[in-house]
Amino acid sequence: MIRNPKDLQRYTAHERANHWVVGICFILLGLSGLAFFHPAFFPLAQLFGGGVWARILHPFIGVLMTLSFLGMFFRFKSLNTMTPADKEWLARVGEMVNGDDHNMPEQGKYNGGQKAMFWVMAASVALLFVSGILLWRAYFNFPVDAVRLGAVVHAAVAAAMIGFIMVHVYAAIWVKGTIRAMWYGTVTRAWAKQHHRGWYRQMTGK
Amino acid sequence: MTNHWVDIKNADLVIVMGGNAAEAHPCGFKWVIEAKKERKAKLVVVDPRFTRSAAVADYYAPIRSGADIAFLGGVINYLLSKDKIHHEYVKHYSNATFLINPDFKFEDGIFSGYNAEKRNYAKDTWSYQLDKDGYAKVDETMQDPNCVFQLMKKHYSRYTPELVSKVTGTPKDAFLKVCEMMAETAAPNKTMTILYALGWTEHSKGSQNIRTMALIQILLGNMGMAGGGINALRGHANVQGITDMCLFGANLPGYLTSPNEADVDRKTYLEKRTPKALRPNQMNFAQNYPKWFTSLQKAWYGNAATDKNDYAFDWLPKIDGAYDTLAIFERMHQGKMNGFVCQGYNPLASIPNKKKVGDALAKLKYLVVIDPLTTDTSEFWKNHAEFNEVDSSKIQTEVFRLPCNLFAEDTGSFTNSGRVIQWHWKAADGPGESKRDVEILASLFLKLKEMYAKDGGKFPDAMMGLTWPYRIPGKPAPEELLMEINGKALTDVLDPKDKTKVLVKAGEQLGTFGLLRDDGSTSCGNWIYCGSWSQGGNNTAKRDNSDPSGLGQTLNWGYAWPVNRRIIYNRASADLAGKPWDAKRTLLKWAGGKWVGNDVPDMRPDAAPEEGVMPFIMNPEGVARLFAPAMADGPFPEHYEPFETPLDKNPFHPNNPKATSNPAARVYKGDMEVFGKAKDFPYVATTYRLVEHFHYWTKHSKLNAVVQPEQFVEIGEELAKEKGIASGDKVKVRSMRGFIKAVAVVTKRIKALDVDGKKVHTVGLPNHWGFKGVAKSGYIVNTLTPFVGDANAQTPEFKAFLVNIEKA
Amino acid sequence: MQVSRRQFFKICGAGLSGSSIALMGFSPAPALAEVRSFKLARATETRNMCPYCSVSCGVLIYTTGDKSKNAKADIIHIEGDPDNPVNRGTLCPKGAGLLDMVKSPNRLKYPEVREAGSNEWKRISWDDAITRITKHMKADRDANFVEKNAAGTTVNRWNTFGFLASSAANNETGYLTHKILRGLGAVAFETQARI
Amino acid sequence: MALQSLDIARRSATTTPPPGVRQTTEVAKLIDVSACIGCKACQVACMEWNDIRDEVGSCSGVYDNPVDLTAKSWTVMRYAEVEEKGKLEWLIRKDGCMHCADPGCLKACPAPGAIIQYANGIVDFHQENCIGCGYCVTGCPFNVPRISKEDNKAYKCSLCSDRVAVGQAPACAKVCPTGAIQFGSKEQMKDYADKRLVDLKSRGYDKAGLYDPQGVGGTHVMYVLHHADRPELYSGLPDNPSISPLVGLWKGFAKPLATVAMAAVALGSLFHYVTKGPNEVSKELEDELEKEDAK
């Protein structure tokens, strides 16, 4: 499609692909995981060919997500270092949620919330991975107490992560002009200037 | 068993010694648990190992394997010295009062009449003093120094608790505790039962082990009582029946004895076997021997056996020596046998000294194995690596393997250890071309007959004259056979008191062996089974399990020999006047001019107490024998060491090397040389079976292989520590005759014992494994065992021999 | 707040159902369950006896089919006979495992011979087996039968041939074996009774 | 048998109650350890009846074989040689599913209908519904369920539900030669145990008692122990078993709450959007940049 050549490149094709691999994995994991999480969700297992297939596929998808998330992690790690400005942003996040972002501190490529989300995701994936391995009976056999702990951690972290991802997704929907960054990589300059002024300046030299 | 399985529940005290009932007979053992639960009975286990029987015992005492007579002799001494005996019983129902030949002696471990060269006894001094009528003299006061009671007292006075403990390794307090518990059953209304098995028989003095306990049971008045008796827990499901059919060279069915070379004719044969009463008025039941024997000859030779030809007496082979298993294999080893048949028997694994057995089999021209399964014996010629290292090309024996059917594929009767004969029905055909045993035997026999008829040959008469009345000659039916065993009237059987009265019509089945005749008018294949298929039909198939007495007698279930009697010697359960010693467990009582009760009387039904007919009707003296001249190795049991003993002398007779081990046990040339000495083989070994297994049979069953898959040996923690062996290590166990390798199970359940001032360790060797089966292959344990048997029964000494052990 | 375990479960249950109602959407599967079908329902029952030890426990053998001509009876299960007064339906591990002995892969199915010096079995027919064995027996008997001993007594004995008889065989088999052996003049025979 | 399908007390991962009007007799198996000879008849009968054959293993230096429960050994005997004050006791315990009144396995199971508790108390696994996740293993306070390596399904003792359904005793109870395993109504079994305890106490076992742990609401497999004060002597029988608090936490409050929380986040987002409206790039900025471009 034709785009404004002046739009700013926010993500490269590789980065977008990586993100969507993680994203798709997450959706599949969420659906299959929810099937085991609560009886009300069990019919979701049908999406995977039934409970047994859901049980078989879930951990493999988990490994795939972990690996692809690692890619993202190393790509974006340095961009997500917290700065004092981020902390201030986070302190004033209420205003942002209220829809009043005019007085928010100037942000670089990522704002404090996004950075926080990044680290929460990283920690969650790590925890899910470790606890998931503990639960993966087809290939591992850990002491039953470790498995019990693993099950609690896995479920709790997964639930939290689903919540955070919902926030992540909603934020993308709510902040208009965001999603296209992950579809075809560019954002408008106005979007950048409004939401990530520091980054806008860096990109445009203005 | 003098009693039967369910009767165990009537006991007040159960002794498990010389056996391991919980493991070898779990379903019979349930009646021990029942006695404990319902009668508050106590269970005592005396064993070298803390067995699974001991796991549920109230008291356990350890003992050195091979020291049972020392232990039980000590019990006799305890009972006599503390006067804990059932006086009335002993006085009237045993030969305690009988006077013995004054020349009878016991000196330095040897009884009078010993011939050291032949290793046997001349028994003329082991005899009763007889009066002018030929009756034994008695001293009712039991004070005469030559009366059995006094002789016995003197004989066992040497068995002090201290010496007993020194010989058996049983701590003195444990020994005395067991004595005390046994002594409580001297009360007329208390009974003790003894459950033993191969732990007593498989010694060079096996029969005497059992006799020692028999003496105790007589002293305590426990024979013939519900919940009492001497109870041999036997091997296979039908070992009792096959024993009754007497598949022994030396016997004929029903425990008749084979004629030997001295029995030149029927008259001589019968005279020697038909005893005269030794006391007045006794039943002396064996006086009927001629009736049993003649009826057998009529069953086998039918019309060909007549008074004209001595009832075909000469057609019976006459034996010229011993033909027990050890003797047979000794003959085979000497190259004196050409052909051999193993029917459901695996001698390579189950006979001592596997090397000798294998060598013996290799000397045969032909071996026929009739079996449902692939036995080790059938492949004795095949190299199975370390488990059977042989060179097939050097073994010239032609071996045939014939598939036969199993229990599930055949109809017929089995006799359980409690003498109850029960019928079973075929459920399905056997696999492939397998056939019933009788069909295989019939086809071999009929083929031979055909060959002799066609080509002639040596002495075909007996073969040709053998009755073969079966409707399908090649397939004798079990029903036809049991009817033949039971016997029938060949001509009308008349009442001897009133010749006009016909008791049984010609052609009818006999109802009891009381109807047998010695004039050829009856036939009977086995007199003790007479009544099993009477004119009314197959009594072994009866299935009414009602038990109105609550004693577990179930008289209408199957058929017990003799004459459906469930507890033998049951007359002894009542006093002289016929009043039961314990009214709550009445087996028999004298009422209204006859014996009535909850069992078939072991007594003439109308024998009034005043007649003085005593309960042990098979003995010409009518009473139980505390002094038994019939034994080969002494009228009183005496402790002798196993042939492989950890001690260098018999502590009872330290100065007489001749009395170290059983002086009357037979030892073959070449076998004495391979007995090990304690300096090279310091540990006592004992072989046994585990509850999960039945000999070498269950190694073909996956279910059993799963629950106890791999060969192991058991040793105590102390020995394991000394030898640096840990549980799970592979060990090598050597005896003078070979070695085996197995996994070590180190356990608290086998303790080192203090014997004669030294520490004696026991090595437990479960037998089961071999080179054929679905269980893990293992060594045949009988590679290690010595080729020597009991002086009376020739049962091999599997339970006490010497080994060494090391980490493999 | 003191919450007993039972109350705790109730609370949890309420939470669970409450949350489910909140979610709706997915209806739970109908609560159905069925036990494994009873495998002996129409099997044929035959009364028999365990062949192992001398307790001689009664057993019930279950076979497929109803004994009609075309339905081959196959043993599928063996359990204790509750009527038998001794075992009253119980069995030991040996008896309980009888099925695997009856169905052992080591069951012999046809006669075989191992020729002298050979290292393998060869399948033969029953006729061959019986003929070959009886030829051996006759040759041996004719050569070694003793009619009279040195003293001139008739002994009619054949002791170069031996027989070990099974204690797991029926009485009837034992009896017939004894009868035949004596008829042939055999004396060197035994059973497991001593061992 | 068809009616049996309705006599269900609980069903795994199912939120609606099963038909519960019919009350069937609560059954129980009583294992009288004091009468047990450790013969393994129960193990063999179990394999035979249930058509399972474990591997032919090896001897590891003890009598226990197979050494542990497996998907094909639903019961095993555990042997403990205990020596105290010079007296040796060989404590032999038949291990297997206890059929808890509050079954941890069922609680943990995420697959609807894979674990059923029948109204008679039997807790049965239905392998056709099992997804092989192994959560039942974490839920069990007795470490009983095993996942088969062959089909990845969970297996354990069914208390021979097929036999009980037609009015028969479980194979192990029927076979037990010494009567150490009894089967009947739970009431009967408790009465029988009382009788046994009187006998054991008369034989000097003052601490004899019934093992029917209340931590799991009682069990439908109970033990008579001579040393009820120290169940751990019997190869580690748990003293006061209960479903692990971790499992309780995970399967108890937490999941519904988490579900609600997730729903709340979703709903919160929705309402945020409709109340606050989208966060759009301001028109001024866009215009400003357009202007710049136009220059």
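## Chains, contacts and helix packing

In chain A, 33% of the 206 residues count as buried, a residue being buried if 20 or more other C-beta atoms, placed from the backbone, lie within 10 Å of its own, exposed if 12 or fewer do, and partly exposed in between. This is a predicted model, in which local features need pLDDT of at least 70 and side-chain atom pairs count only at pLDDT 80 or more, while totals for chains, interfaces and linings use all residues. Residues are numbered from 1 along each chain as its sequence is written, and chains are lettered from A and ligands numbered from 1 in the order in which they are written.

Chain A has nine helices and two strands, where helices (H or I, at least four residues) and strands (E, at least two) are DSSP runs, numbered from the N terminus. Along the sequence these elements of chain A follow the pattern β-α-α-α-α-α-α-α-β-α-α. Chain D, by comparison, contains nine helices and eleven strands. Its radius of gyration, taken over C-alpha atoms, is 27 Å, well over the 19 Å that the globule rule gives for 295 residues, so chain D is more spread out than a compact globule; the globule rule is 2.2 Å times the number of residues to the power 0.38.

The table sets out values for these two chains; two residues are in contact if their C-beta atoms, placed from the backbone, lie within 7 Å.

| Property | Chain A | Chain D |
|---|---|---|
| C-alpha extent along the principal axes | about 60 × 40 × 30 Å | roughly 105 × 45 × 40 Å |
| Buried residues | 33% of 206 residues | 56% of 295 residues |
| Share of contacts between residues at least 6 apart that join residues at least 24 apart | 61% | 63% |

Within chain A, helix 5 (residues 112–135) and helix 6 (residues 144–174) pack at an angle of about 150°, with their axes 8 Å apart; axes are lines fitted to C-alpha atoms, for helices over the stretch in contact, and angles run from 0 to 180 degrees between N-to-C directions. Helix 5 of chain A is therefore roughly antiparallel to helix 6 of chain A, since angles under 35 degrees count as roughly parallel, over 145 as roughly antiparallel, 65 to 115 as roughly perpendicular and the rest as oblique. The residues of this contact between helix 5 and helix 6 of chain A divide into 16 nonpolar, six polar and no charged, with Ala, Val, Leu, Ile, Met, Phe, Trp, Tyr, Cys and Pro counted as nonpolar, Asp, Glu, Lys and Arg as charged, and the others, Gly among them, as polar.

Among the five pairs of chains that touch, the most contacts are between chains B and C, whereas chain A and chain B do not touch, their nearest C-alpha atoms being 24 Å apart. The contact of chains B and C takes 138 residues from chain B and 103 residues from chain C. On the side of chain B that touches chain C, the largest share, nine residues, comes from helix 16 (residues 437–455) of chain B, and by class that side has 72 nonpolar, 43 polar and 23 charged residues.

Helix 18 (residues 478–486) of chain B and helix 5 (residues 171–184) of chain C have axes that come within 9 Å and cross at roughly 70°, and these two helices are therefore roughly perpendicular to each other. In this pairing B:Pro478, B:Leu481, B:Leu482 and B:Ile485 meet C:Asn171, C:Glu172, C:Tyr175 and C:Leu176, and the residues of the contact divide into six nonpolar, one polar and one charged.
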